[in-house]
Amino acid sequence: MFAAPNFFLTRKAAATAPTAVEYLVVAGGGGGGSDGGGGGGAGGYRTATGFAVASGVAITVTVGAGGPGGPIPPDSTGSSGSNSAFSTITSTGGGGGTPYNVTPAIAGGSGGGGGCVATLLGSTIGGAASPSGQGNAGGNGYKGLSTANAAGGGGGAGSVGTSVTYPGTTNVGNGGSGLASSISGSLVTYAGGGGGAAANGYYSGAGAGGSSIGGNGKQGSNLNGDNGVPNTGSGGGGGSANGAVGGAGGDGSDGIVIIRYANSFLAATSTTGSPTITVAGGYRVYKWTGSGSITF
């Protein structure tokens, strides 16, 4: 006589909505100053894990626009970038760089760079990083000799904008470096500062944008600063100095908002703003380049 077999059934737990997410919130970068302008500061950079979310509650997503570069004429300060936000997490727009002989530059998530200088042995002051913890200050402009005159770089999420110190070892106002994140599934660098401009005849040339995503500053006749790389929250480069009429500042680039959580949890029930949605590497990833919302 055979004993009846025992059967054990295992029921797989039903998937549930997430209760916490990881986020990256990058604000819009600041515009570069015109006519010998400092580089624009990068937008504020904030990232963390474990941000609590609730089911059935729409969460607002705001992607900040980059600030336009300072126009010309007249000599103009670049506009600050706009804030980005995910729920209660807000990153502050980058500060604008100032034009020739205007100080101080504008504070922001990262501060803008100070412009070129009219006075021998004079300086302009870069903008502060305010509030603290989202980026770095912009660099100072400086005029050493009649042929040595350059603007400071905008601050970046990873480092301060370079201050010009002639005579000395630092003669170009490079933009501050950005910071890299793999939240999207690929390692991408965000929030580089814009490079500062240089006056004609200055031997070291204009500053480079931070991490090759901030806009480059310019040196020459009526050259506009380069724009920040799109949707990295980077600052624009400073426009060239050329006597009475120089170049316009480059535009800061728009920011970005990205969240992710383990793909063992349910997908969002609704989204707005057309985020890019991917599932890879064990995560669901939502990436916004325009404002919208998400509901779990």
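Let me start with charge: the mean positions of the 8 positive and 6 negative charges of the protein chain lie 23 Å apart, where Lys and Arg count as positive and Asp and Glu as negative, with His and the chain ends not counted, and where the place of a charge is taken as NZ of Lys, CZ of Arg, CG of Asp or CD of Glu. Please keep in mind that this is a predicted model, in which local features need pLDDT of at least 70 and side-chain atom pairs count only at pLDDT 80 or more, while totals for chains, interfaces and linings use all residues. Residues are numbered from 1 along each chain as its sequence is written, and side-chain values use heavy atoms, with hydrogens and water left out.

Now the chain as a whole. The C-alpha trace spans about 105 × 35 × 30 Å along its principal axes, and the protein chain has zero helices and 15 strands, both being DSSP runs numbered from the N terminus (helices H or I, at least four residues; strands E, at least two). Of its 296 residues, 52% count as buried, that is, under 20% relative accessible area, with exposed being over 50% and partly exposed in between, for a 1.4 Å probe and protein chains only. The protein chain exposes about 11,800 Å², of which carbon and sulfur atoms supply 55%, the areas coming from the Shrake-Rupley method with a 1.4 Å probe.

Let me finish with β14 and its partners. Strand β11 (residues 256–262) pairs with β14 in the antiparallel sense over six bridges, and Val 257 has Trp 288 as its bridge partner there. Strand β13 (residues 276–280) is joined to β14 (residues 283–288) by five bridges, again antiparallel: Thr 276 stands opposite Lys 287, Thr 278 is partnered by Val 285, and Ala 280 stands opposite Tyr 283. These two strands, β13 and β14, form a hairpin with two residues between them, and Gly 281 in the turn has a positive phi of about 60°.

Definitions and conventions. Pairing = 2+ DSSP bridges.
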